[in-house]
Amino acid sequence: MSESASPISGNSPGSGTGSAPRPNPARGEDGKSLRLERFLPYRLSILANRISSTLARAYAETFDLTIPEWRGMAVLGRFAPLTANAICEATQMDKVTVSRAVQRLERARRIERTTDAADRRRVLLRLSADGLDVYGRIAPLALDYEERLIADLTPEERDALVLLIDRLTDMAARTEI
């Protein structure tokens, strides 16, 4: 029997040939199986993608913004002035993604760059007047979406969710494979 035999074709590896069955790569040494539909990283990714997709449609249609652009604007709206590297750190987006978002936001005149007076090599970014206007219109929409998303949760569940997300974020930063 070939190594490429498949249970789908009815030729499962090792069946009827006397050879030992091939190990299942989805089963750990302790016998536990990877059940993707219950695997926390996968489920969190699906949830994040679903939420981001919903928000992305609203940002794109109403404000001509991508998700990275909005995330950059949101961070600048809260913490400006910042360097592009600080935006990378705050959003956990890679440098290329942030660079493209910054360039597009500059072309749209939604952010401004200035040279840091204390270190002339550093470029600081902040929202422009137009960027502040967009931020002021989009932030309430984002907050309304968040409120509708968690509307069926009790106050205790909301508090627990925030606590668990914070703990998982901290543990993810400390946990290596």
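Helices (H or I, at least four residues) and strands (E, at least two) are DSSP runs, numbered from the N terminus. Residues are numbered from 1 along each chain as its sequence is written. This is a predicted model, in which local features need pLDDT of at least 70 and side-chain atom pairs count only at pLDDT 80 or more, while totals for chains, interfaces and linings use all residues; side-chain values use heavy atoms, with hydrogens and water left out.

**The whole chain**

Start with the protein chain in cartoon view. The chain has 6 helices and 2 strands, and from the N terminus on the order is α-α-α-α-β-β-α-α. Switch to a surface: the accessible area (Shrake-Rupley method, 1.4 Å probe; for residues, only the protein chains shown count as cover) is about 13,100 Å², and 55% of that belongs to carbon and sulfur atoms. Of the 177 residues, 21% count as buried; buried means under 20% relative accessible area, exposed over 50%, and partly exposed in between, with a 1.4 Å probe and protein chains only. Contact here means heavy atoms within 4.5 Å. Among contacts with a separation of 6 or more, 41% join residues 24 or more positions apart.

**The loop between the strands**

Select aspartate 116, in the loop between strand 1 (111–115) and strand 2 (123–127). Is this residue buried or exposed? Aspartate 116 counts as buried, because its relative accessibility is 12%. Leaving out residues up to four places away in sequence, aspartate 116 touches Arg122 and Leu124.

**Helix 1 and the residue after it**

Select residues 40–63, which form helix 1. At 1.5 Å a residue, its 24 residues should span 34 Å, and the end C-alpha atoms are 33 Å apart, which agrees. The expected span is 1.5 Å times one less than the number of residues in the helix. Show the side chains of Ser52, Leu55, Ala56, Tyr59 and Phe63, the buried residues of helix 1. These buried residues pack against helix 2 and helix 5.

Just after helix 1, pick aspartate 64, where phi is positive at about 55 degrees. Aspartate 64 sits in the loop between helix 1 and helix 2. Most residues other than glycine have a negative phi, and most peptide bonds are trans.

**Helix 5 and its crossing with helix 2**

Select helix 5, residues 129–149. The 21 residues of helix 5 should span 30 Å at 1.5 Å a residue, and its end C-alpha atoms are 30 Å apart, which agrees. Colour Gly131, Val134, Ile138, Ala139, Ala142 and Tyr145, which are buried in helix 5. The cover over the buried residues of helix 5 includes helix 1, helix 2 and strand 2.

Axes are lines fitted to C-alpha atoms, for helices over the stretch in contact, and angles run from 0 to 180 degrees between N-to-C directions.

Which residues make the contact between helix 2 and helix 5? Helix 2 supplies Trp70, Met73, Ala74, Gly77 and Arg78, and helix 5 supplies Gly131, Val134, Tyr135, Ile138 and Ala139. By class, this contact of helix 2 with helix 5 has 7 nonpolar, 2 polar and 1 charged residues. Ala, Val, Leu, Ile, Met, Phe, Trp, Tyr, Cys and Pro count as nonpolar, Asp, Glu, Lys and Arg as charged, and the others, Gly among them, as polar.

**Helix 2 against helix 4**

Pro68, Glu69 and Met73 of helix 2 meet Thr97, Ala101, Arg104 and Leu105 of helix 4. The residues of this contact of helix 2 with helix 4 divide into 4 nonpolar, 1 polar and 2 charged.

**Two backbone stops**

Select proline 81, in the loop between helix 2 and helix 3 (84–91). The peptide bond from alanine 80 to proline 81 is cis, with omega near 0 degrees.

Finish at arginine 109, in the loop between helix 4 and strand 1. Arginine 109 is not a glycine, yet its phi is positive, near 60 degrees. At 65% relative accessibility, arginine 109 counts as exposed.
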